[in-house]
Amino acid sequence: MLDNKKTNNNKYKSPNRSVSDKTKHYLDLDAQYVNPVLDRYTDIVAVRGKGAYVYDVNGDAFLDLGSGIAVNSLGHCHPAVVSAIQEQAAELIHTSVTTHHVRYIELAQKLAEISPGNLDSVFLSNSGAEALEGAVKLARYVTGRPALINFRGSFHGRTLLSVALTTSKLYFRERLEPLPGPIYTAPFPYTFRSAFPKDPNACVKDCLHQLRLLLHQFVDPQQVAAMIIEPIQGEGGYVVPPPGFFSELREITSSHGILLIVDEVQSGFCRTGKMFAIEHENIVPDIMFAAKGIAGGMPLSAIIASKDLTSQWKPARHGSTFGGNPVSCAAALATIKVMQEEKLAQRAEKLGNQMLARLKKFAEGRQYIGDVRGRGLMIGIEFNRPDGQPSRPITKHVMQKCLENKLLVINCGEHGQVIRLIPPLTISDSELEKACEILEKSMDIKEGEIIHE
Ligand SMILES: Cc1ncc(COP(=O)(O)O)c(C=O)c1O
């Protein structure tokens, strides 16, 4: 029935969705003036957003389960965030390191309060990739060691170092070598696509065995500054590691003086049912970095480590002109306040459990839905060809059907074979119900319906 041809073309435009002249006008200008390297998931030309909806140039409303790729956790233009931005913009927009500023200090204190364990010292920057760069610089500076270990299927960003640490898809690295190193890659416990699809414990055991071999045969652990890992893989396919993996990893890193750096860019800020996803694992990393959901849509990222560690990093060894901009900090303070007051971590857990149970039930008896997994409101649905191999065409079909019904969903995974559901944490029960209905209708695929690639 299906073909799984790999392609770089990540367009999921729906042929059955009519595109208005106004939309076409902007798409034509986009094609003329925007660097084509900037890929988009849909042909929606957005002008406005409110709550769980994004509106296009025609005034059409799309129920948005992509949340600006896990950024709009409070939905679009949350009133508390909008007021915080407006008030701050009228007071102070930028000083950078020419001064201290109040919002930076307040946000650093707040992030220290909500971060796990002894992580209490904060550096602010603008994007996930920039935070990763800083986290690795900190680890190398403090340990004096060169090497890094990453995990297969990881995604850490688009700068050269973050691309070097990214292995979720080949095309992120295409024609870019030589990339920064030395970097050694260990397997991530992706049970469903492992040699032990029905046995998470065996999968974990095998991954840890491979990691120990890596430290025995490939790289001297005394040369390794850090291991960098996502608590739940995002772009790699919404892969939740089975219990036990992270506790062992913590032991291995500590025993060799290797720093454990956790990338909470996609999974942080209540998304998975806790403020940070690593809290599900009951371990404390040495360095954590976060971005996306931190500031209600404003660009901001944070590196958070213990004061013991950061006090060894001498002043001016790292910096950022725009990092910790007062407007972004004010937006972050407002965002975190709403998250805490409205108990959005608990809401993510509750809605996530309901949604996961519902989708798992829907998948029963449908062979083309290989796996439904996730934690909180970070849910992945993985599609299979009849031979069990990953299927991108089914994902494409489902995304198109959703779009025709004004539901915006995006995908991920090595082959683009996983639909990732990242609704705003503030989505109402009825909006989520509507989203599930459209999604289920779109996933109800009849034999022969899939377009071969
Ligand atoms: C887990 C993870 N780390 C890092 C990044 C890079 O973040 P940014 O695009 O803000 O540089 C992303 C972006 O998708 C991500 O999902």
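Guide: Start with Ser67, which sits in helix α2, a stretch covering residues 67-70. Bear in mind that this is a predicted model.

Visitor: What makes residues 67-70 a helix?

Guide: A helix here needs a DSSP run of at least four residues, and α2 covers residues 67-70, so the run qualifies under that rule.

Visitor: Why is Ser67 called buried?

Guide: Buried means under 20% relative accessible area. Ser67 comes in at 1%, so it counts as buried.

Visitor: Which residues does Ser67 touch, leaving aside its neighbours within four places in sequence?

Guide: Asn72, Arg271, Ile422, Pro423 and Pro424. They're called contacts because heavy atoms lie within 4.5 Å.

Visitor: How much of the chain is buried?

Guide: Buried residues are 55% of the 453. As for the surface, the chain exposes about 19800 Å², with carbon and sulfur atoms supplying 52% of that.

Visitor: What else is in the fold, and why is the chain called as compact as a globular protein of that length?

Guide: You'll find 13 helices and 15 strands. The radius of gyration is 22 Å and the globule rule gives 22 Å for 453 residues, so the chain is as compact as a globular protein of that length. Its C-alpha atoms fill a box of roughly 60 × 55 × 45 Å along the principal axes.

Visitor: How many of the contacts between residues at least 6 apart in sequence join residues at least 24 apart?

Guide: That share is 75%.

Terms used. Residues numbered from 1 in each chain as written. Predicted model: local features only at pLDDT ≥ 70, side-chain atom pairs only at ≥ 80, totals over all residues. Heavy atoms only, no water. Helix = DSSP H or I, 4+ residues; strand = E, 2+ residues; numbered from the N terminus. Rg over C-alpha atoms; globule rule 2.2 N^0.38 Å. Buried < 20%, exposed > 50% of the residue type's maximum accessible area, 1.4 Å probe, protein only. Areas by Shrake-Rupley, 256 points an atom, 1.4 Å probe, with all protein chains shown as cover.
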